[in-house]
2 protein chains.
Amino acid sequence: MNQAKLPSWRPGTTRDAIEIFLDDAETLPVERRVAVFDIDGTLWCEKPQYTMVEFLLAELRAAVAGEPSLATRPEYRAALDWDRPAIARLGAVNVVLALIEQHAGITPEVFEARVRAFFSDARHPLRGVPLSQMRYRPMLELIAELRARDFDVYLVTGSGLEFTRAVSADYFGVKPEGVVGSQVGYEFVRGNGSPTLLRTKEIFGDPNEGAAKITNIQRLLGRRPILAAGNSAGDTEMLDYTQAYVGPSLALLVDHDDAEREYEYASIAGTFETSEPITETAGRQGWTVVSMKRDWDMVFADR
Amino acid sequence: MNQAKLPSWRPGTTRDAIEIFLDDAETLPVERRVAVFDIDGTLWCEKPQYTMVEFLLAELRAAVAGEPSLATRPEYRAALDWDRPAIARLGAVNVVLALIEQHAGITPEVFEARVRAFFSDARHPLRGVPLSQMRYRPMLELIAELRARDFDVYLVTGSGLEFTRAVSADYFGVKPEGVVGSQVGYEFVRGNGSPTLLRTKEIFGDPNEGAAKITNIQRLLGRRPILAAGNSAGDTEMLDYTQAYVGPSLALLVDHDDAEREYEYASIAGTFETSEPITETAGRQGWTVVSMKRDWDMVFADR
């Protein structure tokens, strides 16, 4: 492979594994060249907080500025203070539901506009840069290289489906229909005037984590991945299912082992089958571990 | 517009309406150029039977040939004989569920292979031609013209999601992720060996008709159509929602008024808000009616 193609990937076993896979995949018909990427912690930084949580909190702060009594709702109070004991006491799910409820009754178009406004203004709380610069440069290079080799590239995230779709094309070149994420309810109403689609306050189906990523990939994309990249316990099933493809396949796990340039942490698989750091799962399952510290020459996109 | 572009469309008010819409849509950013097409009765012939029903019956006949006792199940007996009173007595939904149950426990890949085998062998029961020749030539020309103008084209069908995906690329140039259809359940199993995804015997959510077409378009595609084409009561909401777009929009209703070249019938909107022929709904709602007899110079694709 032309070494100019993945310039931010340092030579080594990880890069070798990617190159071997890319070459092997050339033997497949193009419709089998399907790659899926988790987003938070895989394509962009997920610390100190998931980007979608930052968005929901920004929306809440704006709402409270206009209507201060909102802050007396226990779930909102706990979220605004990021009071972990209170969140645990109320139930994290209930806090998330209360945050999502903020957008009940609006159209997908209005929701999209709000998300876009957030992304155009927001800065990373510690680094102070636009969120687009928190994307991982080596992963953007990998996506570009996959496309150059006639892969279709999709996003499979535990974050909200429409939240992600609002920036999927600008940030990753993925059209809305190429995104798989956690879903809310919708209601089709005729009302007095023209027919409208509105978000409800309900969650639709399971959060897009674990085995739900597989069934949702089937429902929304209808294609079986031969490359998957993730970084957390919620990606376990997606990585295993991808690796089980009979033919060339690659399961990539991003290991956050770079406290200096990014963060050092390991997702603990507690709610799933094991209770071990995800890097140990990777070793047992034979996934390819991407060491941020060792394998990446540059970490962040500068645009 | 270059008249060579839609050669099977006769000059007239319908063709004029399409041309005006196509020119108006050029003013929109490309990401807004979204077109959705119903399939049965809109892109291919749905008589004497929906193609998916033909498939399910062909599968049943093959299964019964190997295991004759299957035919004693009342739902299968009624389906094999196409015994309408018996189907009504058992409940059409239960007959459909029994037919779909044939594929419970198999992977999406195996299901896809069976559907493809059906399409490669099947002939239309009356015309005796391959099913690809039952596609409507004027609609294929319209799809090609939309793509030439940077539209993304999607399929939104009451038939099965995976059934349709098996031929969507070959027949209509639409990738699997561009198809919206009725869904079955899926189960992710680890079993002894490698992780696998299996179809269940359950239906997932509502059949993709009526308002469900709108919510499913949002879930699976995340884009709002500005052109929709349909032919039946189940397309009412999709046509209305499309027409309500603030900007250039076109709602096309195919009127089966050509007993000589195809069939003459009108979908009756009985299960939805009205109980009138769909062509009357079209007149009231201001949709553009495509008369097969008057507007189409050729009806079928010859390949």
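The model is predicted, so local features need pLDDT of at least 70 and side-chain atom pairs count only at pLDDT 80 or more, while totals for chains, interfaces and linings use all residues. Residues are numbered from 1 along each chain as its sequence is written, and chains are lettered from A in the order in which they are written.

Chain A has twelve helices and eight strands, taken as DSSP runs (helices H or I, at least four residues; strands E, at least two) numbered from the N terminus. Its C-alpha trace spans about 60 × 45 × 40 Å along the principal axes. Of the 303 residues in chain A, 43% are buried, that is, 20 or more other C-beta atoms, placed from the backbone, lie within 10 Å of the residue's own.

Now for the inside. Leaving aside neighbours within four places in sequence, L155(A) is in contact (C-beta atoms, placed from the backbone, within 7 Å) with residues including F37(A), I39(A) and F172(A).

Where the chains meet, 27 residues of chain B are in contact with 27 residues of chain A. On the chain B side, α8 (161-172), β3 (179-189), α9 (211-221) and α10 (236-243) each give two or more residues, and α9(B) has the largest share, seven residues.

Conventions
Two residues are in contact if their C-beta atoms, placed from the backbone, lie within 7 Å. A residue is buried if 20 or more other C-beta atoms lie within 10 Å of its own, exposed if 12 or fewer, and partly exposed in between; C-beta atoms are placed from the backbone.
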